[in-house]
Amino acid sequence: MSKELRVIHAEMLMELAEQHDDVMVLEADLMGSVSTRKFADAFPKNFLQCGIAEANMIGVASGLSAVGKVPFVHSFGCFATRRCYDQIFLAGGYAGQHINIFGSDAGVTAVTNGGTHMPFEDTGLMRLVPNATIVDVSDEHVFRAAMRHAYHRKGVNYIRSTRKDVPALYESESDIEIGKGNVLNDGETLTIIASGICVHDALEAAEIIENNTDATVAVIDMHTIKPLDTDLVVKYAQKTGRVITIENHNIVGGLGDAVASELLSSGVALKQFHKLGVNEQYGQVGSLDYLKDAYGISAERIGDFCLTVLAEK
């Protein structure tokens, strides 16, 4: 049975701290929500409770990086990015510091915490930080690989994820290379490029499509949104001629825009291109199934949309 990703997060911090004395963990009064209390107990000298003051937390992390530490900070995705964006951009990126940020409960996975805690813009913001790395977690092995990569990759690293468990997609961390997408289902008719929790729904949607048509659907887990695996995007766009991106995020500034930009720059001619995700909407309270359906990123909504696309001449 898969573990909750908050537990994977805490386990990886413990593992990294056991291997490297320079690891520092900073929390914004959320260690009970993301399982870092065990880390605080085991490594009290490597832990700082910054309180509900995310901008200050990023400033502290930047200072720690400046004296040779490798800080990992956490808060809700909206508070870890939007609330303290200037500090990330200037104290972190502009100053050349090494900061690893975990934005939890990304997009609709904030569920009953509602619209105030539901980040649909975090990827877009972080894409604008020069040379930042952005990973949208689709399973626990992606999370482990992303955190290990973040320790070693100097600069601003952003990991967005649900705190809860998700079904496994991979057998081990060795299946993941940050910066390279993974083809989970091959196909000739349509390419679906998805990230995060949407990968699971994309796979279900591909099954719906293939059970109801003669089409074959390629599904790509684009867990690394920046830097984007341009070669893989171009290869499958040329192969199928139809591309649909799916993201647990605003369709403005996220995965869809990143893919569209690369395809346009590469001069790839497509029959069809569509972006599925949050479209001119704010967050709201609801169950995960309700919210995915409301924003058009459930397997059923994706499948229906793709069937309509394939029916077009």
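What is the volume of the largest cavity?

## The largest cavity

In this predicted model, the largest cavity has a volume of about 80 Å³, and a search of the whole structure finds 3 cavities of 30 Å³ or more. The elements that contribute two or more residues to the lining of the largest cavity are helix H1 (5-19), strand S1 (23-27), strand S3 (70-76), strand S4 (99-104) and helix H7 (140-152).

There are 14 lining residues around the largest cavity, and those that lie nearest its centre are His9, Phe72, Val73, Phe102 and Met147. Sorted by class, this lining consists of 10 nonpolar, 3 polar and 1 charged residues.

## The sheet

Strands of a sheet pair through backbone hydrogen bonds, and they do so in either a parallel or an antiparallel sense. Here 7 strands form an open sheet with mixed pairing, and their order is S2-S1-S3-S4-S6-S5-S10. At the edges stand strand S2 (47-49) and strand S10 (224-226), each of which pairs on one side only, and from one strand to the next the twist averages 20°.

## Strand S4 and its neighbours

Strand S4, one of the elements that line the largest cavity, is mostly covered, with 6 of its 6 residues buried. From S4, Ile99, Ile101 and Gly103 point one way, while Asn100, Phe102 and Ser104 point the other way, and all are buried. Phe102 is also among the residues that lie nearest the centre of the largest cavity.

In the order of the sheet, S4 stands between S3 and S6. S3 and S4 run parallel and are joined by 5 bridges, with Phe76 standing opposite Ser104 in S4. S4 and S6 likewise run parallel, joined by 6 bridges, and the bridge partner of Asn100 in S6 is Asn157.

Technical notes
Residues are numbered from 1 along each chain as its sequence is written. This is a predicted model: local features need pLDDT of at least 70, side-chain atom pairs count only at pLDDT 80 or more; totals for chains, interfaces and linings use all residues. Side-chain values use heavy atoms; hydrogens and water are left out. On a 1 Å grid over the protein atoms alone, a cavity is a set of points where a 1.4 Å probe fits but cannot get out, and a pocket is an open set with protein on both sides within 12 Å along at least five of seven lines; lining residues have an atom within 4 Å of a point. Grid points are joined across faces, edges and corners, and a volume is the space filled by probe spheres set on the points. Helices (H or I, at least four residues) and strands (E, at least two) are DSSP runs, numbered from the N terminus. Ala, Val, Leu, Ile, Met, Phe, Trp, Tyr, Cys and Pro count as nonpolar, Asp, Glu, Lys and Arg as charged, and the others, Gly among them, as polar. Two strands pair if DSSP finds at least two bridges between them. Axes are lines fitted to C-alpha atoms, for helices over the stretch in contact, and angles run from 0 to 180 degrees between N-to-C directions. Buried means under 20% relative accessible area, exposed over 50%, partly exposed in between (1.4 Å probe, protein chains only).
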